[in-house]
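Me: I would like to go through this model with you. Could we begin with the contacts to DNA?

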There are 2 protein chains.
Amino acid sequence: MHTLNPTKPPRRDATENRLAILDSARVLLNRDPEASLEAIAAGAGLSRRSIYGHFATRDELIGEIQTLGGRRVTAALAHIDHADSRVAIALIGARLWSEVENVRVMAQLAVRGPQRAVFAETLRPVRAKLLDIVRRGIAAHELRGDMDALTLANLIEGAALSVLDEAIRANLSNADGHRLVMLATLSTAGLSWHEASAVITQHPELQFSASSAPAGTESSES
Amino acid sequence: MHTLNPTKPPRRDATENRLAILDSARVLLNRDPEASLEAIAAGAGLSRRSIYGHFATRDELIGEIQTLGGRRVTAALAHIDHADSRVAIALIGARLWSEVENVRVMAQLAVRGPQRAVFAETLRPVRAKLLDIVRRGIAAHELRGDMDALTLANLIEGAALSVLDEAIRANLSNADGHRLVMLATLSTAGLSWHEASAVITQHPELQFSASSAPAGTESSES
DNA sequence: AATAACTTGCACATCGCTGTGCAAGTTATG
DNA sequence: CATAACTTGCACAGCGATGTGCAAGTTATT
């Protein structure tokens with residue numbers, strides 16, 4: 001037996017608990033993509049049994065995390081646009097940093113998760129946007145021209161994820177992570193670090209601010 | 001009960017099988033770091049039971065792979081040196097590509113493997129070498145100067161691994177993978193793609209050749 | 001305070017994986 | 001060919017994880 005509620009409005013604490021579970025799962029799956037329900041429940045301050053009141057199966061839980069994370073990341077990147085593709089790419093890097101936790105768990109699940117088959121669909125709009133920017137950038141000679149747009153887009157994505165990992169592992173401050181991810185994406189896009197730095201300092205919207213800090217992580221400031 | 005042989009010279013087919021097991025394990029663990037012994041045995045054309053004739057436990061098998069892979073990668077990078085740090089870094093990228101399979105499985109196990117605690121030790125010499133090169137490069141203003149050497153070395157390592165993944169996923173040809181890994185490391189090191197391309201084309205030892213192809217992978221040429 | 005919603009603990013069935021014992025095969029090697 | 005080395009299949013014990021049933025608690029809501 002799983003969800004107990006027969007199409008009635010759920011109780012307030014129940015929905016809180018549901019969120020707590022999703023939260024705990026997101027955090028734990030970031031460390032270990034096969035964290036047990038036992039551990040996840042503990043992290044949420046609940047018993048393992050209770051999880052089955054909210055999610056029929058483990059896979060359903062993970063599915064929720066995927067779609068939720070997907071929504072957040074998509075939303076974070078939705079309104080990005082800039083005539084200069086380099087600025088647009090840096091902006092993407094910055095937004096990804098502000099959503100590190102969601103981005104990383106999604107990356108994990110996209111590779112090893114039970115739904116990896118259907119998951120490309122979720123990421124399609126985001127990837128399409130990046131690909132578009134990259135195309136424009138190559139045409140405008142703002143980005144490197146030695147490979148096709150799709151490959152470059154994939155590499156930028158890979159670089160961003162790798163740096164996200166590195167930044168978390170090194171426990172970087174929010175400001176440092178912010179800058180590093182932008183630099184990494186721009187470097188991969190073909191800019192030298194001088195050019196990349198210049199792009200960043202010349203555009204106020206790329207400066208770090210509290211609102212561009214990752215949510216949910218109260219990591220130490222270096 | 002594990003190893004059957006009482007300190008006698010092992011039979012010829014036995015050692016062959018041992019190698020086959022290690023080989024299969026290396027390949028399968030690349031896809032799934034928790035591949036079952038059943039699957040590994042099948043990949044080696046043996047029965048699960050036979051594995052226990054060669055390795056006492058799963059962890060022992062994985063330990064073997066780690067140290068073996070570590071040896072190969074260390075050996076591949078041992079004799080690299082060049083006055084120009086950029087060339088040295090490109091060379092490292094090239095050699096990593098020639099050892100993709102070992103490198104990737106090591107990266108996996110270094111994070112999730114049962115021995116990850118002691119494993120940093122194995123990689124120490126390689127990392128020290130990279131760090132040294134990076135230091136020299138920064139001092140000589142050949143590489144980016146906007147972060148400390150250790151961070152940059154870590155980023156280069158991360159970029160290399162991420163591109164290795166990407167190259168495998170995209171099923172790149174040997175020549176393409178070769179070039180891409182070098183470009184990625186150089187980009188991360190601070191060069192623009194123009195500079196990076198220039199470095200590569202100006203140094204014959206960076207050109208792709210059969211001997212710089214990854215061993216063991218008969219992947220399709222794109 | 002009464003009720004329905006939710007949580008919990010325990011017991012249990014199931015699954016997949018590891019590791020071992022043993023007896024019967026197969027194969028390298030002298 | 002004779003022997004020791006190696007492989008195999010089967011059976012079994014153990015572990016940790018998922019998922020379910022149920023009865024007894026706790027808590028939000030009216």
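This is a predicted model: local features need pLDDT of at least 70, side-chain atom pairs count only at pLDDT 80 or more; totals for chains, interfaces and linings use all residues.

Me: Which side-chain atoms of chain B lie by phosphate oxygens of DNA strand D?

Reply: A polar side-chain atom of Ser50(B) is 2.4 Å from a phosphate oxygen of DNA strand D. For an N or O atom in the side chain of His54(B), the distance to a phosphate oxygen of DNA strand D is 3.3 Å.

Me: Which elements give two or more residues to the surface near DNA strand D?

Reply: They are α1 and α3 of chain A, together with α1 and α3 of chain B. Helices here are DSSP runs of H or I with at least four residues, numbered from the N terminus.

Me: How many residues surround DNA strand D, and which are closest?

Reply: There are 24, and the closest are Arg12(A), Arg58(A), Arg11(B), Asn17(B) and Ser50(B). A residue is near a strand if one of its heavy atoms lies within 4 Å of it. Of the atoms of DNA strand D within 4 Å of the protein, sugar and phosphate account for 67%.

Me: And DNA strand C, which residues come nearest there?

Reply: Of the 24 residues around DNA strand C, the nearest are Arg11(A), Asn17(A), Ser50(A), Arg12(B) and Arg58(B). A side-chain N or O atom of Ser50(A) is 2.4 Å from a phosphate oxygen of DNA strand C. A backbone N or O atom of Ser47(A) lies 3.0 Å from a phosphate oxygen of DNA strand C.

Me: Changing topic: how many residues does each chain give to the contact between A and B?

Reply: Chain A gives 27 residues and chain B gives 27 residues, contact meaning heavy atoms within 4.5 Å.

Me: How many salt bridges are counted between chain B and chain A?

Reply: The count is 0, a salt bridge being a side-chain nitrogen of Lys or Arg within 4 Å of a carboxyl oxygen of Asp or Glu.

Me: Which helix gives the most to the side of chain B that touches chain A?

Reply: That is α8(B), with 7 residues.

Definitions and conventions
Residues are numbered from 1 along each chain as its sequence is written. Chains are lettered from A and ligands numbered from 1 in the order in which they are written. Side-chain values use heavy atoms; hydrogens and water are left out. A polar contact is a pair of N or O atoms within 3.5 Å; within protein, one must be able to donate a hydrogen and the other to accept it, and residues adjacent in sequence count only if both atoms are side-chain atoms.
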